[in-house]
Structure formats: structure tokens, C-alpha cells
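Dear colleague,

Please find below the structure that I am handing over to you. A description of what was found in it comes after the structure itself.

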Amino acid sequence: MFQPLPTPKEMAMWDKMAIEDFNILPEILMENASREALYILREQFPCLKGKTALIFAGSGNNGGDGFALARHLVNHEVKVMILHSRRQKEYRRTTAGYHLKLAKKMDIPLMHLPEYNMDFLPQVDIVVDGLLGTGLKGHLRPEYENWIKKINKIEEKAFVLSLDIPSGLNGETGNPSPLAVKADVTITFEEAKLGLFLPPAKPYVGALKIGKIGIPKKIKIENPCTHYALTHKILNLLSFPPSTLHKGKAGHVLIIGGSPGLCGAPQLAALGALRSGAGLVTVACPQSLKTEVKGCFPEIMTLFVNNSDSYLGPETLEIIKENLFKFKAVVFGPGLGRNKSCLELLKSYLCLENYPLTVFDADSLYFFASYPELFDMIKNKNEVIFTPHPGEMARFFGNKAEDINQQRAKYAYEFVNKYKVNLILKGAATIVAVPGKPLYISPFATPNLALGGSGDILAGILGSLLAQGYSPLNAACLGVYMHGLTGQYLGEKYPYRGNLAQDIANSLPLVLAKVIKQSN
């Protein structure tokens with residue numbers, strides 16, 4: 001269900017433990033890496049004989065992988081030239097030096113990159129990028145910027161394979177520094193590094209392949225990484241509905257929200273809940289807005305307060321309390337508004353002795369960011385989920401959405417460690433964070449979910465899953481994956497976007513049906 005995404009530091013620790021605790025020679029790990037890279041090239045070029053290849057070898061292990069790969073390519077009758085960033089004598093005491101020595105014995109042409117006139121690079125069939133690895137930090141040195149620019153120029157006519165990570169990418173954030181190699185394929189070793197999985201890396205990585213190099217599984221189990229990707233197997237958590245199911249057992253969701261101009265939000269949340277399997281959905285809203293909230297959907301029930309104001313207030317709680325026993329989960333905030341009476345309702349809700357599993361979304365997040373003391377009022381923090389988008393998250397830290405997106409994992413960790421609640425940080429590669437657990441990252445980054453109402457649909461899905469009996473962690477992971485998978489499906493139907501938020505909800509059952517069909 002979860003694919004490890006080690007940070008560069010965690011991967012380096014695994015390498016070190018394999019070498020020191022299991023006595024696996026680093027030369028063997030490097031040899032294994034080069035063979036995995038060869039397999040990728042053989043997939044791309046079923047007949048390698050007569051092809052030409054240019055290998056850029058850096059000063060570290062990536063350079064060693066390149067030296068070893070050069071040997072295999074020559075064995076397959078490829079014409080190879082190696083451009084190495086360090087002088088040959090500087091490799092002597094390194095693992096890369098061992099494979100350089102073998103390459104020299106095979107009379108493979110070697111040129112010192114700083115002395116090579118890059119304006120006369122030959123046009124080749126294959127470019128292998130082994131300049132820089134995952135440990136890159138900070139800004140590229142000028143010579144590396146120049147070399148990467150030249151590689152990207154060759155890329156227009158050659159197949160570019162990056163070893164472990166495209167040179168110039170930050171292995172933790174996925175950001176270019178400030179530019180990076182644009183690979184056709186990246187073969188990353190043992191596990192995908194965190195940065196490769198994040199949205200900023202996508203224009204550079206190309207197709208991402210994982211090549212196992214022999215790190216013992218025991219090491220990874222006993223030293224788990226701090227980030228994991230959600231995989232398709234997460235859908236195995238879904239319980240197939242029995243034929244005897246009735247609506248009372250399928251979960252009843254309460255959505256608290258709706259205010260002037262924002263009636264669509266609770267309606268969309270209700271649709272998200274219904275389309276993801278909830279048996280019943282009720283919206284608590286101002287009486288004056290009940291018709292707008294229901295719209296043309298008779299399936300949406302309403303619970304309203306006969307008040308003179310168009311905003312929910314603390315008096316709403318009395319009618320909610322009378323009916324609270326009916327609900328298995330609550331979604332608090334879609335279209336709620338930021339009126340002072342709404343804040344008082346939130347405070348009153350948090351003062352309840354017992355309330356159902358709750359998703360705090362939309363305008364409720366504004367109040368939590370503005371009045372952090374509200375977190376102290378949450379009684380069972382492990383039973384609530386907060387769902388900010390980057391702009392809402394920025395309010396908690398006093399910065400901008402751009403700052404959040406630059407270091408999404410960092411801010412997700414800080415949020416759950418500070419407030420001790422479950423978090424879904426929405427956006428491309430949505431993050432699920434739970435106190436004391438790793439971060440779980442969605443594999444989806446689709447523009448078809450980037451529209452108003454998309455987050456309301458997700459909130460409804462979460463409420464539905466909680467009401468059906470899933471734990472907050474499983475509901476969060478499942479909901480995020482289902483939402484993202486539906487966005488991918490809509491991307492096929494609407495490649496230039498144009499889908500509505502309602503289309504996300506309405507497509508949910510179709511996407512799940514497609515999944516079931518493929519698995520049978």
C-alpha cells in the first residue's frame with residue numbers, strides 16, 4: 001500500500017549499513033546499479049549494436065555507475081566515450097575508481113570534462129547523465145550549469161538516461177538548482193528518492209524506473225524512512241458492500257456549513273459523501289439558504305435553524321445536539337463563512353462532551369489559524385482531520401502559499417507535531433500526516449482537480465469514509481487516493497480541463513468500478 005521514499009540522508013544510511021553491517025562491497029552495489037541501468041537501455045534499444053553513447057561521469061558514486069555502465073555498453077558493441085568531471089588520479093581511492101580502472105582496461109575513450117570543448121560535442125544516440133547525485137545542496141557551480149545546458153541541448157535528438165536522479169535536482173525537494181538535466185528516463189536505485197516523487201521534479205525526471213541494487217530488506221524494515229507514497233494497493237482497504245446493506249449501516253454524514261454566496265460548498269461536500277458510498281447525508285445550514293443548499297438534489301437532507309441571520313451561530317448547536325446521535329461523522333466548515341457567530345458555533349461544538357469523527361475544512365480552518373487556542377479545546381485529537389490547501393496552511397505559519405509549496409513536507413511535519421491532529425495538506429502530491437507516523441504522499445498531480453469545489457468533494461469523501469467505519473488514517477489515505485485517481489480519470493476525458501467539481505463526485509463510482517473490473 002505504501003512505497004518507501006527515502007530522503008538522500010536515509011538512502012545514504014541504508015548504503016552504509018549494507019556495506020558495514022552486511023559486508024556488501026560498495027563495488028558490487030555500483031555494479032548492480034549499472035546493470036539495472038543497462039536493462040533500461042536494452043528496453044529502449046532492443047538492438048544496441050552500433051549505437052553511440054556519451055557518458056557524463058561526476059566525482060561521486062553516480063560517476064562510478066557511469067564507468068561501470070560504459071563497460072557493459074561496450075560489451076554490447078556500443079561506441080562509448082566517457083567525459084569525467086575529475087582528473088583520473090583523483091578517483092583512485094574511491095569506489096568509482098575501481099570501475100574507472102576496468103573501463104581503462106577495456107580501452108574506452110576517456111576525456112577530462114573541464115578540458116573538453118563542449119561546443120564540439122558529437123551527436124549520439126544515448127546520453128547517460130551521471131554527473132551529480134541525490135546529495136546536491138544549494139546552487140550549482142557555473143561549470144555544472146554549463147554542462148547541464150549542453151546535455152539538455154543534446155537531449156533534443158538523443159535518448160537521455162539519468163542515473164539515480166537528474167543532475168541538478170535536489171533529492172529532497174525535487175527543485176532544480178536552478179536548472180537540471182531533462183531526462184527521458186530516470187533509473188533510481190533501490191527506492192525512489194523523495195525529491196523524484198514531488199511535483200517540481202516532474203519536468204526533469206521523465207519516466208521513473210526503480211532498479212534494485214541489493215540493499216537487504218532487513219535494513220529497510222528496521223530503519224524505516226519518514227516518507228511513503230500511496231500506491232494502488234491502498235484500495236485493497238475498501239470493503240465491498242454486502243448485498244444486504246441498508247442505508248442506516250452505510251453511514252450518516254453531517255455537513256455543517258453554508259452562508260450567503262457559499263451554498264455550493266456544502267452541496268458539493270454532500271455529493272462527495274453520497275458518491276463515495278455514504279447511506280445518508282444531512283447539511284446543517286441557515287433556514288434562509290436551505291433551498292440553495294439542496295439545489296436539485298433531493299438526496300441531500302437539511303437540518304436548519306429558524307434564525308434571522310444568514311449565518312450559522314451557537315443556537316444551531318441545540319438542534320445539532322438533539323440529532324447528533326444519528327451521525328457517524330461530521331464535516332465542519334464548507335461555505336460556513338467567517339461571521340463572528342460562526343466562530344461561536346465552532347467553540348460550542350468543541351465544548352460538546354462527545355462529538356463524532358470530524359473533518360475540519362474550509363472556513364473552520366480560518367478560525368483555527370486565527371485563534372490557535374481552539375486546538376486546546378479538541379478532546380480527541382486523533383479523531384479529527386484538518387484539510388488545508390497551501391493558502392489556508394500559510395495562515396498557520398504567517399507566510400505565503402508559495403512558501404508552503406516550496407517545503408510541503410517540512411510544514412506538514414511542523415503542523416502535526418505542534419497541534420497533534422491528523423492533517424491532509426492538499427495540492428499536487430497531497431500529503432497525509434499523522435502524529436508519530438511517516439508522511440504519506442499522493443502520486444497524483446493533475447490539473448483537473450485544480451478548481452473551486454474540488455476540496456469540498458474531498459471533504460465529503462472523507463466524511464463518508466469515516467462514517468463507514470474507516471480509521472482517520474485509512475480514511476485520509478483512501479480519500480486522497482480516490483480523489484486523485486478520479487482527477488487522473490477526468491484528465492483523460494478533459495485533457496484541457498473544463499470539468500466541473502460535480503464531475504469529480506459523479507465520476508467517483510465509475511472510477512472505482514473500473515478499478516474492480518481491472519482487478520478481476
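Predicted model: local features only at pLDDT ≥ 70, side-chain atom pairs only at ≥ 80, totals over all residues.

Residues are numbered from 1 along each chain as its sequence is written, and side-chain values use heavy atoms, with hydrogens and water left out.

The chain as a whole

The chain has 19 helices and 18 strands; these are DSSP runs numbered from the N terminus, with helices being H or I of at least four residues and strands E of at least two. Taken along the principal axes, the C-alpha atoms fill a box of roughly 90 × 45 × 45 Å. Of the 520 residues in the chain, 56% are buried, where buried means under 20% relative accessible area, exposed over 50%, and partly exposed in between (1.4 Å probe, protein chains only). Among contacts (heavy atoms within 4.5 Å) between residues at least 6 apart in sequence, 72% join residues at least 24 apart.

The sheet

An open sheet with mixed pairing is formed by 11 strands, in the order E1-E9-E18-E17-E16-E15-E14-E13-E10-E11-E12; two strands pair if DSSP finds at least two bridges between them. At the edges stand strand E1 (2-4) and strand E12 (301-305), each with a single partner strand, so one side of each has no neighbour in the sheet. On average, neighbouring strands are turned by 25° against each other, direction ignored. For such angles, axes are lines fitted to C-alpha atoms, for helices over the stretch in contact, and angles run from 0 to 180 degrees between N-to-C directions.

Strand E10 (residues 252-256) and strand E11 (residues 280-286) run parallel and are joined by 5 bridges. Within this pair, leucine 254 is opposite threonine 282 of E11. Threonine 282 is buried, at a relative accessible area of 6%. Beyond residues up to four places away in sequence, threonine 282 touches His252, Val253, Leu254, Ile255, Met301, Thr302, Leu303 and Phe327. Helix H11 (residues 316-323) lies across E10, E11 and E12, and runs at about 135° to E12.

The nonpolar cores

A nonpolar core is a set of buried Ala, Val, Leu, Ile, Met, Phe, Trp, Tyr and Cys residues joined through side-chain atoms within 4.5 Å. The largest one has 98 residues, of which Leu73, Val80, Ile82 and Leu161 touch the most other members. Helix H18 (residues 472-493) gives the most to this core, with 11 residues. Leaving aside neighbours within four places in sequence, the contacts of isoleucine 82 are Ile55, Ala57, Phe67, Ala70, Ala103, Ile108, Pro109, Leu110 and Met111. A second, separate core has 54 residues, including Cys342, Leu346, Leu350 and Leu352.

Helices H12 and H13

Helix H12 (residues 340-350) packs with helix H13 (residues 363-370) at an angle of about 80°, and their axes are 10 Å apart. The two helices are therefore roughly perpendicular, a term that covers 65 to 115 degrees. H12 contributes Cys342, Leu343, Leu346 and Leu350 to the contact, and H13 contributes Ser364, Phe367 and Phe368.

H13 is mostly covered, with 6 of its 8 residues buried: Asp363, Ser364, Leu365, Phe367, Phe368 and Ala369. These buried residues pack against H12, helix H14 (390-397) and the strands E13 (329-332), E14 (357-360) and E15 (384-386).

Local backbone features

Most residues other than glycine have a negative phi, and most peptide bonds are trans.

- The peptide bond from serine 177 to proline 178 is cis, with omega near 0°; proline 178 is in the loop between strand E6 (159-163) and strand E7 (185-189).
- Aspartate 164, found in the loop between E6 and E7, has a positive phi near 75° and counts as buried at 10% relative accessibility.
- Asparagine 23, in the loop between helix H1 (8-20) and helix H2 (26-44), has a positive phi near 60° and is exposed, with a relative accessible area of 62%.

Yours sincerely

Terms used:
Parallel < 35°, antiparallel > 145°, perpendicular 65-115°, else oblique.
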